[in-house]
Amino acid sequence: MKRFFLPLIGILSLATVVVSCEKIDNLQDDPNRVQSVTPDLLLTTIIIDAAQNISTDNALASRQLTNTDGVSNSQYYNWQRADFDNYYKLKQVQKMQEEAAKYEQEVYSILALFFNSHFIFQTTLVFGDVPYAEALKVEQGITKPKYDTQKEIFVQILKDLERANELLAENNDPIKGDILYKGDRLKWRKLVNTYALRVLINLSNKTGDSDLKVVEHFQKIVNNPEQYPIFENNQDSAFLHFVDSKANQYPTFNSNSMQTAYYLEESFVSKLQELKDSRLFKFAALKNKRQDNEITNFENYGGLKGSGVLSDNVKKAVAGEASRINERYYNNPINEPSSLISYFELNFILAEAAQRGWLPTDPSMYYKQGIESSFAFFKAELPADYLDSKGVALDGKNDLELILTQKHIASFMNTGWNTFYDHRRTGFPTFNVDGGGVLNQGKIPQRWMYPNSEVISNNDNLSQAIERQFTLGDDINGVMWLMK
């Protein structure tokens, strides 16, 4: 078989939102890193970087948790700049490509297509336009990369994911260092195609774009399972499992602030109580001011308003009227795995697509499968009448809201900022801003500002990108192309 190796492309990435400031060229080479390693070792590190998505900041911004330690920027919508501090992850992907060529192990170069797509997708969701084609090309003399448009980035992502699926079907190299699927090539193809559906559903506002052909592309994947396999059960999910050993434990294990300052959000608790949703018992601890010690008594739980004034929330917490996060989130070193993307998320994506008319299928089928697999993930007992109960069963009136609400519940302490992006895209579920504590003039931000490092070292290209995107400049309330 003819060997195929990808060109050494590079992209800016931000898998999680960070707040430090550092010039891009300072991140190109770390003298403390090993200069020559085999691609399988790099793959292991890259998988961890991509799949570790436990985020309390997203839980605060998405009205699942509240924090009483202080005025949290995520909770009160007062964030400003994000940064490219995780840029080294794409440098590692580039290094894996180099080592793949050196050792003639094509499969790692193919997998790089997926990881490049993942990291640039996460980055453009944060900012809007970002450098892509010219990024990570310092050795070629490009120290000030131009900014690609968000549309150009999405077009390239979809091309790369399709190419990755095609090449994985042809390749027979063993995949060593694979802590996700232990070398199961079919599962990697399922991941690539499922991820493509996530990208496409994020383009729900762009169905009229003739270059993207969003609905056509979505249908092509779903209607051709042999050519484009996707997840079929929870076991196919891209889960990063934690183990009870140092540096491999659940991220909030032994966290003092998690134990003392994180409470469930009021509207989130109320929704779970209203639906008689037993996942609440997995998410929350009993409030101190309660009727009894019965874990399954919904009246024994409460929350703090995400937009509420901090002093009011503290007073309510001290009075024992709110539930802290379940103790397992700081006492259990293993807990649930972190999800890069899951079978239950796929089902909610398919349900939304069906509700939008992209698929001829009844959305209820996918919707119910998403709920069932979410309960299984959290090891919560699914009540016998839950799927057909009022507020859960699709009724043909507000189905999109119900689908996104269940997706929101299923994302608790998982999938990074994905649930916030869903809200930004659809408006569902509603996030309260009426409590008097919200900053940013009571508005939910649309994005993050570009890093100071770019203002200093790449200002001309940055200024051009800002001018073509945002009439009011680099502002957290600016509306990026994806949302228009």
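Q: Where is serine 55 found?
A: This is a predicted model, in which local features need pLDDT of at least 70 and side-chain atom pairs count only at pLDDT 80 or more, while totals for chains, interfaces and linings use all residues. Residues are numbered from 1 along each chain as its sequence is written, and side-chain values use heavy atoms, with hydrogens and water left out. Helices (H or I, at least four residues) and strands (E, at least two) are DSSP runs, numbered from the N terminus. By that numbering, serine 55 belongs to the loop between α1 (39–51) and α2 (56–61).

Q: Does serine 55 count as buried or exposed, and which residues is it in contact with, leaving aside neighbours within four places in sequence?
A: Buried means under 20% relative accessible area, exposed over 50%, and partly exposed in between (1.4 Å probe, protein chains only). Serine 55 has 13% relative accessibility, so it counts as buried. Contact means heavy atoms within 4.5 Å. Leaving aside neighbours within four places in sequence, the contacts of serine 55 are Gly416 and Trp417.

Q: Which residues of helix α19 are buried, and how wide is the arc they fall within?
A: In α19, residues 459–469, the buried positions are Asn461, Leu462, Ala465, Ile466 and Gln469. Because these residues line one face of the helix, they share an arc, seen down the axis, of 135 degrees, where the arc is that of the directions from the helix axis to the C-beta atoms.

Q: Which residues on the other side of α19 are exposed, and what covers its buried residues?
A: The exposed residues on the other side of α19 are Asp460 and Glu467. The cover over the buried residues of α19 includes α5 (106–127), β3 (147–148) and α18 (452–457).

Q: Which residues touch the most other members of the largest nonpolar core, and which element gives the largest share?
A: A nonpolar core is a set of buried Ala, Val, Leu, Ile, Met, Phe, Trp, Tyr and Cys residues joined through side-chain atoms within 4.5 Å. In the largest one, of 139 residues, the members that touch the most others are Phe115, Trp188, Leu197, Phe218, Ile325, Phe412 and Phe420. The largest share of this core is 14 residues, and the element that gives them is α5.

Q: Which residues does phenylalanine 412 touch, not counting residues up to four places away in sequence?
A: Phenylalanine 412 is one of the residues that touch the most other members of the largest nonpolar core. Not counting residues up to four places away in sequence, phenylalanine 412 touches Gln64, Leu65, Leu264, Phe268, Phe283, Ile325, Tyr329 and Phe378.

Q: How far apart in space are leucine 158 and leucine 197, C-alpha to C-alpha?
A: Leucine 158 lies in helix α6, residues 150–170, and is buried at 5% relative accessibility. Leaving aside neighbours within four places in sequence, its contacts are Ala196, Val199, Leu200, Leu203, Leu212 and His217. Leucine 158 and leucine 197 are 39 residues apart in sequence, and in space their C-alpha to C-alpha distance is 9.5 Å.

Q: What is the relative accessible area of asparagine 313?
A: Asparagine 313 is part of helix α12, residues 310–318. Beyond its neighbours within four places in sequence, it is in contact with Gln75, Tyr76, Leu304, Lys305 and Gly308. Asparagine 313 is buried, with a relative accessible area of 5%.

Q: What is the omega of the peptide bond from phenylalanine 428 to proline 429?
A: Most peptide bonds are trans. Proline 429 is placed in the loop between α17 and α18. The peptide bond from phenylalanine 428 to proline 429 is cis, with omega near -15 degrees.

Q: What is the phi of leucine 136, and what is the phi of lysine 379?
A: Leucine 136, in the loop between β2 (130–131) and β3, is buried at 7% relative accessibility. Lysine 379, in the loop between α15 (363–377) and α16, is exposed at 70% relative accessibility. Most residues other than glycine have a negative phi. Leucine 136 has a positive phi near 60 degrees, and lysine 379 has a positive phi near 55 degrees.

Q: How far apart in space are valine 479 and proline 445, C-alpha to C-alpha?
A: Valine 479 lies in the segment after α19 and is partly exposed, with a relative accessible area of 34%. Its contacts, leaving aside neighbours within four places in sequence, are Gln446, Gln469, Phe470 and Lys484. Valine 479 and proline 445 are 34 residues apart in sequence, and their C-alpha to C-alpha distance in space is 9.2 Å.
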